[in-house]
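Here are my notes for a colleague opening this entry for the first time. Please keep the sequence and the model side by side while reading.

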Amino acid sequence: MRFLKSFFSRSGEAGELLEFLWKAKLWFLIPFVVVLLVFGLLLIFAQASGVAPFIYTLF
């Protein structure tokens with residue numbers, strides 16, 4: 001449980017969203033939100049690097 005508290009305290013907006021979902025007992029939405037965050041980060045990092053041509057093949 002200590003790990004979760006330290007994770008939520010250091011993760012900013014995304015951590016607040018996950019903490020809200022956890023406390024509101026909306027556990028079934030957590031994987032959906034995590035996947036959306038990963039795709040968002042993937043798109044942000046793909047624009048700033050040479051990885052973009054490889055990302056386009058995923059879609």
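Is K25 buried or exposed? K25 is exposed, because its relative accessible area is 56% and the cut-off for exposed is over 50%. Please note that this is a predicted model. The points below go from the whole chain to its parts.

1. **Overall make-up.** The chain has four helices and zero strands. Read from the N terminus, the order of elements is α-α-α-α. The chain has 59 residues, and 15% of them count as buried. Its accessible surface comes to about 5200 Å². Carbon and sulfur atoms hold 74% of that surface.

2. **Helix α2, its length.** Helix α2 covers residues 12–23, which is 12 residues. From first C-alpha to last, α2 reaches 16 Å. That is close to the 16 Å expected at 1.5 Å a residue.

3. Which residues of α2 are buried? They are G15, L18 and L21. Seen down the axis of α2, these buried residues fall within an arc of 125 degrees, so they line one face of the helix. The face turned away from that buried side carries exposed residues: E13, E16, F20 and K23. An α-helix has 3.6 residues a turn, so residues three or four places apart point the same way.

4. **The salt bridge.** A search of the whole structure finds one salt bridge. The side chains of E19 and K23 meet in a salt bridge, with 3.2 Å from N to O. Both residues sit in helix α2, and because they are four residues apart, about one helical turn separates them. How accessible are the partners? E19 is partly exposed, at a relative accessible area of 26%. K23 counts as exposed, at 62% relative accessibility.

5. **The loop after α2.** K25 follows α2. Its place is in the loop between α2 and α3. K25 has a positive phi of about 60 degrees, although it is not a glycine. Why flag this? Most residues other than glycine have a negative phi. I would ask the reader to look at K25 in the model with that in mind.

6. **The aromatic pair.** How many aromatic pairs does the structure hold? It holds one. The ring centres of W22 and W27 lie 5.9 Å apart, and their planes stand at 65 degrees, so the pair is edge-to-face. The cut-off for that label is over 60 degrees. W22 counts as partly exposed, at 41% relative accessibility. W27 is also partly exposed, with a relative accessible area of 46%.

7. Helix α3 covers residues 30–47. α3 has 18 residues and reaches 26 Å from its first C-alpha to its last. The span expected at 1.5 Å a residue is 26 Å, and the model comes close to it. The buried residues of α3 are I30, V33 and A46.

8. **L37 and A14.** L37 lies in helix α3. How far apart are the C-alpha atoms of L37 and A14? They are separated by 8.0 Å, while the two residues are 23 residues apart along the chain. L37 is partly exposed, with a relative accessible area of 34%.

9. **A nonpolar patch on the surface.** Which residues form the nonpolar patch? They are F28, L29, F32 and L36. Together they have about 430 Å² of accessible area. One of them, F32, has its place in helix α3. F32 counts as exposed, because its relative accessibility is 54% and the cut-off is over 50%.

10. **What to check on screen.** Start with α2 and find G15, L18 and L21 on its buried side. Then turn to the other face and find E13, E16, F20 and K23. Next, find the contact between E19 and K23. Go on to the rings of W22 and W27. Finish at the surface patch of F28, L29, F32 and L36.

How values were computed:
Residues are numbered from 1 along each chain as its sequence is written. This is a predicted model: local features need pLDDT of at least 70, side-chain atom pairs count only at pLDDT 80 or more; totals for chains, interfaces and linings use all residues. Side-chain values use heavy atoms; hydrogens and water are left out. Patches are made of residues with over 30% relative accessible area and no salt bridge: like charges are joined within 9 Å, nonpolar side chains (Val, Leu, Ile, Met, Phe, Trp, Tyr) within 5 Å. Accessible areas come from the Shrake-Rupley method with a 1.4 Å probe; for residues, only the protein chains shown count as cover. A salt bridge is a side-chain nitrogen of Lys or Arg within 4 Å of a carboxyl oxygen of Asp or Glu. Helices (H or I, at least four residues) and strands (E, at least two) are DSSP runs, numbered from the N terminus. Buried means under 20% relative accessible area, exposed over 50%, partly exposed in between (1.4 Å probe, protein chains only). The expected span of a helix is 1.5 Å times one less than its number of residues. The arc is that of the directions from the helix axis to the C-beta atoms. Rings of Phe, Tyr and Trp (its six-membered ring) pair if their centres lie within 6.5 Å; planes under 30 degrees apart count as stacked, over 60 as edge-to-face and the rest as tilted.
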